[in-house]
Amino acid sequence: MLFYLVCLALLPAIGLGARQVPLTDSTSSPFTASFDKLVSENLDRWHTPGLAMAVIQGDDTFSKGYGIATFPDKPITPETLFYTASTTKSFTAAAVSLLIDDSVNTSESLFWQVPLEKVVREDFVLPDDYATSHVTIEDALSHRTGMPRHDLSYGGLNVTVRDVVRNLRQLPMTAEIRTRFQYCNMMYIAISHFIETWTGMWLGDFLRTRIYEPLRMSSTFFSLSDAQKSAASGGPSLATPHYWTNKTKIYHSIPWLDAPQESGCGATISNVLDYTKWIRCMMTMSAPLSPAGHRALRSPRIISGPVAEEPTGFRGSEAYALGWDVSNYRGEVLMWHTGGLPGFSSVMMYFPRLQWGVTMMANGGTGGAIQNLVFKLIDDMLEIPERERFDWAPLLELNESLELETLKNAKNLLFPSAPKGKDSIPLSLPLHSYAGTYINEGYPALTLTINGTNPSHRASQPQETLHCLIQYEQYPISMSFQHVSGEYFAIYIRSFSTETRIEPGDHEITTDGLSKAEFRLGEDGQVNELGVLLEAEMGEAKIWFKKAGIENSDGYEMYFKAGSSAVRTENNLGASGAGGQMKLFSRSGKGLAPLFAKHA
């Protein structure tokens with residue numbers, strides 16, 4: 001406690017002594033007239049309503065807002081609030097470092113290698129006994145537990161942090177611990193549960209008293225209600241989240257996220273001004289964290305990405321520390337993390353040796369605008385010649401075109417060897433026999449109904465399809481099952497919508513995704529199981545749902561070992577990775593191109 005009080009006393013001199021430079025000081029501001037023009041072009045090209053940004057150059061901070069916070073005409077300013085999503089993870093890891101410091105010379109010593117099972121007894125149980133007893137705090141914070149994302153398993157309404165943790169035992173693992181990087185939001189939720197159990201405090205209160213207030217981050221919140229209360233009292237207001245559709249050529253607003261279970265994986269609401277204080281704290285290794293805590297947060301724990309194949313400026317492999325990515329950009333160590341939630345994207349970056357950092361926050365788009373602009377500022381700072389700079393736009397555009405082509409050719413890509421058209425194998429039963437509710441212990445139930453669709457360009461009569469509507473937090477997700485052959489279906493997915501597919505060619509890369517499904521019939525000839533690709537790391541292995549009212553019969557099932565846990569699958573297991581699951585929603589992916597593919 002004495003060390004904590006001493007650090008607080010030093011804050012004005014160390015952590016908060018940076019001066020704000022007026023934007024009118026054109027000799028030093030990176031936000032020049034030509035840069036402002038580039039921002040405008042990127043907002044238009046990447047369908048982003050607006051963004052705020054701030055740059056840290058030693059003791060100076062520059063900030064500016066661009067575009068619209070709420071239509072029709074409320075502008076974004078540096079004070080505008082945004083959900084900062086997965087950048088929250090850096091705060092969660094920092095909170096653990098504070099608890100470790102607090103435990104020194106106490107009877108309950110805490111350290112990074114403590115197994116989570118020891119500090120969250122009974123609640124933290126994985127499907128494998130060895131993993132349960134050996135996964136540590138450090139493993140959970142560095143995404144090396146063997147548990148993949150399974151994001152759709154915890155998106156229901158009224159789900160608590162503890163519910164998410166207790167549900168881990170129902171979800172298949174896909175690797176041995178400490179052998180592969182597998183980004184997993186649920187592990188940060190498990191760490192949130194540990195912090196709250198250990199301290200007896202809500203994580204939001206702990207962060208406020210131990211980090212936000214010491215750093216004078218007065219516009220940073222851990223819940224929507226707190227942010228709204230502050231705005232009602234005259235504080236900064238929250239930008240409205242949006243998405244764009246090419247069909248309508250307009251922005252669509254969506255509700256603000258209100259999902260307490262996000263907690264330590266993505267609950268933060270803040271602005272770029274407050275994030276400069278956080279980045280400066282990290283960059284200068286200053287209070288309220290200890291030097292040991294800073295070193296721990298920066299130290300790479302696992303290789304998280306391959307060696308860059310494109311001449312992007314990144315060198316070597318990407319690594320993950322504790323709530324931070326660690327990369328080598330043009331010979332300099334770069335600490336960074338992105339964040340994405342429906343209608344919001346953000347990034348924070350800093351170069352420790354150069355004492356330079358940047359943060360950007362947007363209320364729409366896919367992250368393309370941020371990616372182009374952040375590397376423009378970085379390369380300007382590094383004085384990289386124009387001919388040596390990497391143009392991210394063509395690569396991002398290529399990704400978009402590939403996603404669109406994937407949506408257009410879904411059945412051929414998902415089922416390349418299945419007979420189609422006139423050669424397609426018909427269903428064994430009438431379509432209505434496949435409707436019903438299907439249950440899995442780890443995932444929310446899926447209820448399939450019969451829906452008529454508009455006539456296609458090949459048919460003169462409306463075609464019936466299976467349709468499933470699920471609720472992911474505040475947002476509806478429509479799943480339309482299109483028959484391919486036999487008992488196999490392609491699933492067309494549309495976020496923020498209760499409608500089925502409207503017509504052929506109606507594809508939106510900002511809202512649409514694909515997956516595949518298989519039905520199984522029992523010995524009585526009736527449908528009794530539904531398998532769906534819901535987790536990319538499982539490859540072609542499906543999550544299986546039992547039809548409600550069907551007696552359990554596992555005599556024909558096959559199990560395989562993925563990591564240390566039994567995972568149920570079909571007879572032919574595909575290689576680990578996306579397999580037949582093409583852009584399932586927007587919360588899966590990997591790699592640095594695009595920058596936002598891995599984190600959300």
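**View 1. Arg-210 and its polar contact with Asp-102.** In this predicted model, the side chains of Arg-210 and Asp-102 make a polar contact at 2.9 Å. A polar contact here is a pair of N or O atoms within 3.5 Å; within protein, one must be able to donate a hydrogen and the other to accept it, and residues adjacent in sequence count only if both atoms are side-chain atoms. Arg-210 belongs to helix α9, residues 203-212. Helices (H or I, at least four residues) and strands (E, at least two) are DSSP runs, numbered from the N terminus. With a relative accessible area of 12%, Arg-210 is buried. Buried means under 20% relative accessible area, exposed over 50%, and partly exposed in between, using a 1.4 Å probe and protein chains only.

A word on the model: it is predicted, so local features need pLDDT of at least 70 and side-chain atom pairs count only at pLDDT 80 or more, while totals for chains, interfaces and linings use all residues. Residues are numbered from 1 along each chain as its sequence is written, and side-chain values use heavy atoms, with hydrogens and water left out.

**View 2. Helix α15 and its cover.** At the start of the helix, a side-chain oxygen of Asp-391 comes within 3.2 Å of the backbone nitrogen of Ala-393. Ala-393 is itself buried, and so are others in α15, including Trp-392, Leu-396 and Asn-399. Their cover includes α14 (368-382), α16 (410-414) and strand β20 (512-521).

View 3. A disulfide is counted when two cysteine sulfur atoms lie within 2.5 Å, and a search of the whole structure finds 0. Cys-265 is buried, at 1% relative accessible area; Cys-281 also counts as buried, at 1%.

View 4. Strands β17 (residues 464-472) and β18 (residues 475-485) run antiparallel, joined by 7 bridges. Two strands pair if DSSP finds at least two bridges between them. Look for His-467, which stands opposite Ser-480 in β18. The hairpin has 2 residues between its strands, and Glu-473 in the turn has a positive phi of about 55°.

Terms used. Contact means heavy atoms within 4.5 Å.
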